[in-house]
Amino acid sequence: MEGYKNERRTVALRHAFRFWKNLTKNYQGTVEETDFFFPICAYMSRDDIAILILETFPEKELKPLMEAKSSPLELDTDGAYFMLNTVWNESNLRQRCKTMLLNACDKIVKTKIQKDTDADRVFARRFKRLCEFLNLSELEREILLLVYLRSQTMLCEFPNDSERDTQIADFYAMAVDRPYPDVVCALSKQGKLRRYNCILDNYFFNNGDFGGYFSGFDSSPLADRYYRRYTGETLPWNFFGALADRDGTLLCEMLNARQKGNCKLNILLYGVPGTGKTSFAHALVEKVRRQSFDLLLGEGDGTNFSAATRLAGIQIFNEHNCGTDAVLIIDEADELLRTKATLTYMRGSEKGVINSILDSMKLPAIWISNTDPGEMDPSVRRRFDYSICFRALSGEQRCHIWENNIEKFKMTGMISDSTLKQLAMRYDTSAGGISLVLENVNRLQPSPKRVGTLIETFMKSHCELMGRSVQNGSLSPSSDYSLDGLSIKGDVGLDRILGAIRRFQSENDNPLLSQSTDRPRMNILLWGPPGTGKTEYVKYLGAMLQTQVVVKMGSDLLDQYVGGTEDRIRDAFADAKASKAILFLDELDGMVQNRGNARHSWEVSQVNELLYQMENFSGVMIGATNFFTSLDPAILRRFTFKLEFSYLDSQGKRIFFERFFQTPLTAEEQARLDAIPDISPGDFRTVRQSLYYLGEDVTNAIRLSELEKESRTRRSSHTTAAVGFRVA
């Protein structure tokens, strides 16, 4: 037991014996755990304990215990813990046993515990500093010290983990010699000791956060364990464009309206990772000339542990900075805000704890999360004063980010405007990815000729690592595409559709016209067999209108979870609106079939969501389907124009044959081509690709034979089945 007294700090030992004396004095029950006597037995040998018992109790009082049939007392062989336990549990000896132990305790403290050392002074000073930092009451300080000493095995483990909360509080009340109700209040979840994560939910000391500080190994300031003032670079306010003008202006007003001392304001920035949420938060705080502080991510060996530390940091910041111009930025708040278990995630935090923190904030706080709002309990969501959803970056937004970062790294003139636009459209990456790539290229100080190649190399590597898509080429029509050869049924020609869209787009630039409730929407349906030119026509429109086309397949929008498809539909329309792009929904039939045939409620809700978005979309939306009759009637009514793309007629066949194969047809060959039923522009492309590597000896006869095979294949296949899939 000598190690016990040598390794423990003297000042802590004195407190440990003080608590043990209080517990010994106040506890009236029997002792089941022999560790109860740990402090005494740590400093007295078994022989010393035996002599002490014999000096205190006459032999006639000990004789019944020695002659007991079950576990008799044997002073010459029993261990110290067992002897004390046997005497204590004899009710008529208990009071004198207490006196014996209290006197022995005083003697140990007086004669066997050495003088204070430098380590003692460090511990005492740091414990006092922590209590002052947390503004703990005298009772809270006593309890914290008691729990700490238990963690350092300077006291017995009373009661053990299996005991109920009420028993733990009862033992603590006796040890600190305070009324039970006061101790229960101090140990509650609402008390500072639990809120600040000094004591864990199992009433153990949080050694991970404070152990190193008390021992002197960790000398960092207490506040720096939770939050730090942001000193990094802040992006210019105009960097955020429409976001700064729309949401940013209102948020600035809200922040300026909060006066010191009454500044509760909870702002939520959520959405896709890498879309600039954190940069926007810091720029916003700088815009209103306040000081931004970042809540640290915490240092724990488990997710829940780190989350508890961060929650404590929020509340500590709230108390320490009240009345200042500080704004707390809580980045990566996913685990803190995830208060509703889903099929994907288990619940992260208790909604009651988060709600209490949100309600008690005395300073503005900006919460940043990639968590879907559906993973937050509704009671948590409604406590945010304002929220902004950051969706995936559009091509136009990425273009602005490229421009700003090129200027930031002083690379202006090294990348042409056309190359910049191609990079923005080609690489679907985040703002951080763009900045990282340009930073690495800039450090190499390459020649202007090498800049483009290096950017492509770095960006491809980054996108592959992040699982981001790379667009191979622009969405432009094939050089073989021709409006002249298409077979379109309807009174409105394709050129007139182009003119109608131009007029629609010009009205969008006029606020008075674009906001009119009677203004028709520009929703266009292209339907007909596969390969008849629907997709190429959309590419053609994008090229002629010089407008980006956002393509979403029906299967892209389907989600395996209930409600997920509706979210993806909303996101698709929102992305197109943000980019001022044409939204092209290809294979529409795979997603929104007739509600009359629906077997599940979510099949109906998907159609309802698309109907709502089509009705309220201010841009150009084009849908394409091979199965016109399978669409819901309400969906069909929402289309301003409906164009049927049919199989090629005689003239169309000749035009596409000569365009794809660059050869004229004889009269006999033309007659043979006319006799081939149900062929489309896509069939000509398929045949040309299959014959490409056969060399120059390919004749028109061979080409016509292959076209005939394509026609037979189509007519023999079961093309009446719906394309796409359904979620089970």
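Guide: Welcome! Contact means heavy atoms within 4.5 Å, and helices (H or I, at least four residues) and strands (E, at least two) are DSSP runs numbered from the N terminus. This is a predicted model, where local features need pLDDT of at least 70, side-chain atom pairs count only at pLDDT 80 or more, and totals for chains, interfaces and linings use all residues. Residues are numbered from 1 along each chain as its sequence is written, and side-chain values use heavy atoms, without hydrogens and water.

Visitor: Which helices are among what covers the buried residues of α33?

Guide: Helix α33 takes in residues 681-691. Its buried residues (under 20% relative accessible area, 1.4 Å probe, protein chains only) are P681, G682, D683, F684, V687 and L691. Their cover includes α31 (650-661), α32 (667-674) and α34 (700-716).

Visitor: How far does α7 reach from its first C-alpha to its last?

Guide: Helix α7 covers residues 94-111, 18 residues in total. The expected span, 1.5 Å times one less than the number of residues, is 26 Å here. The reach in the model is close to that, at 26 Å.

Visitor: Which helices are among what covers the buried residues of α7?

Guide: Among the buried residues of α7 are R94, C97, M100 and I108. Their cover includes α2 (10-26), α3 (38-43), α4 (46-56) and α6 (80-88).

Terms used
Buried means under 20% relative accessible area, exposed over 50%, partly exposed in between (1.4 Å probe, protein chains only).
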